[in-house]
Amino acid sequence: MYIQGFVIPILPGKKDAYIKMATEAGEMFRRYGALEIVEAFEDDIKDGAHTDFRKAVKAEEGEKIVFSWVIWPDKETCDKAASEMEANEEMEPPEEMPFAGKRLIYGGFTPIYTTGR
């Protein structure tokens, strides 16, 4: 498997707009081969002495954090989906983004250990 991970600062009052956008994007990702998508809205985020989720994305007053990941069968499927989705009109961002896109963190990961699947 291959995993894309995200830490996303959600703008104040935009939780419902983010959920709508994430649901639509998730349906599209599934069509392109994603096996699983998880969008988790902050519930218990502690302020760290040196670093934490808020500091990582330079969250501003009132912003909330989403921790999310997409599981793909492999990196090749993920890369192919990314190329195809870029060319797809469905990837057009909403008129008003519900998150601070310049401050989101994302990356791709190759698992080194899993359990429970």
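The following legends describe views of a predicted model.

**View 1. Secondary structure of the chain.** Three helices and four strands make up the chain, in the order β-α-β-α-β-α-β along the sequence. Helices (H or I, at least four residues) and strands (E, at least two) are DSSP runs numbered from the N terminus. The radius of gyration (over C-alpha atoms) is 15 Å, close to the 13 Å that the globule rule gives for 117 residues, so the chain is as compact as a globular protein of that length. The globule rule is 2.2 Å times the number of residues to the power 0.38.

View 2. Of the 117 residues, 29% count as buried, meaning under 20% relative accessible area with a 1.4 Å probe, protein chains only. Among contacts (heavy atoms within 4.5 Å) with a separation of 6 or more, 82% join residues 24 or more positions apart.

**View 3. Surroundings of Glu63.** Glu63 lies in the loop between helix H2 (53–56) and strand E3 (64–72). Glu63 is buried, with a relative accessible area of 4%. Beyond its neighbours within four places in sequence, the contacts of Glu63 include Pro9, Ile10, Leu11 and Pro12. Charged residues in contact with Glu63 include Glu42, Arg54, Lys58 and Arg103.

**Notes.** Residues are numbered from 1 along each chain as its sequence is written, and side-chain values use heavy atoms, without hydrogens and water. Local features need pLDDT of at least 70 and side-chain atom pairs count only at pLDDT 80 or more, whereas totals for chains, interfaces and linings use all residues.

Methods: Buried means under 20% relative accessible area, exposed over 50%, partly exposed in between (1.4 Å probe, protein chains only).
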